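Hi everyone, thanks for making time for this. I'd like to walk you through the charged side chains of one model, and then a couple of backbone angles.

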Amino acid sequence: MITNNHPLVSIIIPFYNHNHFIKKTLDSILEDTYPNKNILIINDGSSNPDDSNIIQWIHNHQHEINITYIKRENKGLTKTLNELIAIASGKYLLLCASDDYLINNTINERI
């Protein structure tokens with residue numbers, strides 16, 4: 001999808017036991033000024049089942065950015081990344097670990 005000459009960037013996030021980091025990760029994506037992006041997260045069967053920060057963030061920001069969240073049993077990082085890539089619809093993909101965050105308007109600068 002291209003909106004106003006801005007191709008869609010799908011940010012793919014494999015999530016595993018990072019509930020205390022994910023809010024900063026998601027906030028950093030939302031704060032990036034690039035206008036056409038979506039977020040895809042797969043919770044890869046975290047051994048700590050607490051995903052409350054993802055659920056709360058989606059509830060608070062679903063009107064600002066398209067976000068897909070899938071919670072399922074553990075399949076490992078490789079299968080999780082392959083699944084995220086398969087469901088992504090962006091012209092460009094940006095991998096972001098669930099305990100990382102974006103700085104310096106990186107999506108906008110890269111595109």
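By salt bridge I mean a side-chain nitrogen of Lys or Arg within 4 Å of a carboxyl oxygen of Asp or Glu. A quick word on provenance: this is a predicted model, local features need pLDDT of at least 70, side-chain atom pairs count only at pLDDT 80 or more, and totals for chains, interfaces and linings use all residues. Residues are numbered from 1 along each chain as its sequence is written, and side-chain values use heavy atoms, with hydrogens and water left out.

Back to our pair. Both Asp27 and Lys23 sit in helix α1, residues 19-31, and they are 4 residues apart, about one turn of the helix. Helices here are DSSP runs of H or I with at least four residues, strands are runs of E with at least two, and both are numbered from the N terminus. Is Asp27 buried or exposed? Asp27 is buried, at 16% relative accessible area, while Lys23 is partly exposed at 45%. The cut-offs are under 20% for buried, over 50% for exposed and partly exposed in between, with a 1.4 Å probe and protein chains only.

Next, Arg72 and Glu83, whose side chains meet in a salt bridge at 2.9 Å, N to O. This pair links distant parts of the chain, with Arg72 in strand β5 (66-72) and Glu83 in helix α3 (77-87), 11 residues apart. Arg72 is buried at 11% relative accessibility, and Glu83 is partly exposed at 24%. Asp44 joins in too: Asp44, Arg72 and Glu83 are linked in a network of salt bridges.

Glu73 and Lys75 make another salt bridge, at 3.8 Å from N to O, and Lys75 is partly exposed at 38% relative accessibility. How many salt bridges does the rule give? The count comes to 5.

Now for the backbone. Most residues other than glycine have a negative phi. Which way does Asn17 go, positive or negative? Asn17 has a positive phi of about 55 degrees, and its place is the loop between β3 (9-15) and α1. Asn17 is partly exposed, with 25% relative accessible area.

Asn104 also has a positive phi, near 55 degrees. Asn104 is in the loop between β6 (92-95) and α4 (106-110), and is exposed at 67% relative accessible area.
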